[in-house]
Amino acid sequence: MASYETFLQIGIALDPIHVGTGGARIGRVDLTIVRDPVTQVPKIPGSSLAGVYRTYVAMHEEEDRQQQIQQASQSGQQPQVRQKPYYPDCAGLGLDNNRGHCRQPDCPVCTVFGFAHGSSSTSGFAGLAALSDAHVLLFPVPTRRGPMWVTSPIALEWAGLEVSGVDKNAVYLAEEPGHPLNLGWLLLETRQCNQMHDIRKHLKDFKVPDYILNRLALVPDHLFTHIVNSNLEVRTSVSINPETGAAKEGALFSYEALPRGTVLVWEIIARNPGHFRIHGQPITAVSSPQEVHEKVKQAHPYLKHLGIGGMGTRGMGRLEVLYENKAKAGQRINCVGDDLANLSSSETAGENEEA
Ligand SMILES: [Zn+2]
């Protein structure tokens, strides 16, 4: 069996999402979000995702455990379930001596997400699942034709599309070129991407809704950075003094966020549990990369309702996962020509193939 498998996740922001840098003030915004150091496009770091996933999977396992206890007590039997709660014990950093990670090979939280070094000589475990950063795939921007979802070759690459021919300072649309189009404040010449249909089809398999696919706008990578960064949601808020219930003096602050409707893409790499041991014992909580992903996926309903990132009390952060499965074979698309070829499956699937 393969030593690991890669699963692709695609989700849409139901609220603005703010995953902060920790309060650095840049320009006019007090609380900035994390950006990719190379492209300068905002992203959600994999470490933030992993923390949230861990918490939600622990919540789910704990709900299951409580249910089992209840069922056992209703039938008058002694419950055959474990004593230590999954939540909060196996969630979080696990550094608390009494309520820390259980570190057991049958714990779906500790095996999948790993655990810290024990206070004694017990060693830590890195975990079977690794999460990539979540990247912006499609970004909603106001235009005079209504909202359009902007993307670029680098953004589409995360979803397995290799797009070429997008090299003019222009916006590439499905239809024939017409009047210039404004993306936010930026007015751009329009050009036609002959293969937009194939881009749509590829994204439709990821369950991206039609109202977005019918409004795709493709721009070169350097323009994508500008367009995303100048169309982030910036909100102004004020801290409330809990004693007086009124605004604190000088407590007005602003923060930026990925707007509602942003489509994000990230990967979950699931290692094969059969290749690892915990305290010298085989892992029993999960038995295959597929099962590791199944456990990780349990967090998705919670992401949709409880969200990710800061300002949750201000109605921010809910993220609905649209696609949670293996990546499809990659595709090459040339916007100016009509050559269209599937990448050889060995090039993209690689280790994903079952041996
Ligand atoms: Zn545990």
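The protein chain holds nine helices and 18 strands. Helices (H or I, at least four residues) and strands (E, at least two) are DSSP runs, numbered from the N terminus. The model is predicted: local features need pLDDT of at least 70, side-chain atom pairs count only at pLDDT 80 or more, and totals for chains, interfaces and linings use all residues. Residue numbers start from 1 along each chain as its sequence is written.

Of the 355 residues in the protein chain, 36% are buried. A residue is buried if 20 or more other C-beta atoms lie within 10 Å of its own, exposed if 12 or fewer, and partly exposed in between, with C-beta atoms placed from the backbone. Contacts (C-beta atoms, placed from the backbone, within 7 Å) were also computed. Among those with a separation of 6 or more, 64% join residues 24 or more positions apart.

The largest nonpolar core has 83 residues. Such a core is a set of buried Ala, Val, Leu, Ile, Met, Phe, Trp, Tyr and Cys residues joined through C-beta atoms within 7 Å. Val 109, Val 112, Ala 129, Leu 137, Val 150 and Ala 217 touch the most other members. Leaving out residues up to four places away in sequence, Leu 137 touches Ile 10, Thr 151, Ala 155, Trp 158, Ala 159, Val 263, Leu 264 and Val 265.

Strand S4 (residues 134–143) pairs with strand S5 (residues 146–151) through five bridges, in the antiparallel sense. Pairing requires at least two bridges found by DSSP between the strands. Two residues separate S4 from S5 in a hairpin. Pro 140 has Trp 149 of S5 as its bridge partner. S5 also runs parallel to strand S10 (residues 216–218), joined by three bridges. There, Trp 149 is bridged to Leu 216 of S10.

Helix H7 (residues 289–297) buries Pro 289, Val 292, His 293, Lys 295 and Val 296. Seen down the axis of H7, these buried residues fall within an arc of 160 degrees, so they line one face of the helix. The arc is that of the directions from the helix axis to the C-beta atoms. Their cover includes strand S1 (4–13), helix H1 (46–74), helix H2 (108–113), strand S3 (129–131) and strand S13 (263–271).

Tyr 87 sits in the loop between H1 and H2. Tyr 87 counts as partly exposed because it has 19 C-beta neighbours inside 10 Å. Beyond its neighbours within four places in sequence, Tyr 87 contacts Ala 58, Met 59 and Glu 62. Tyr 87 and Arg 99 are twelve residues apart in sequence and 9.4 Å apart in space, C-alpha to C-alpha.

Definitions and conventions: Contact = placed C-beta atoms within 7 Å.
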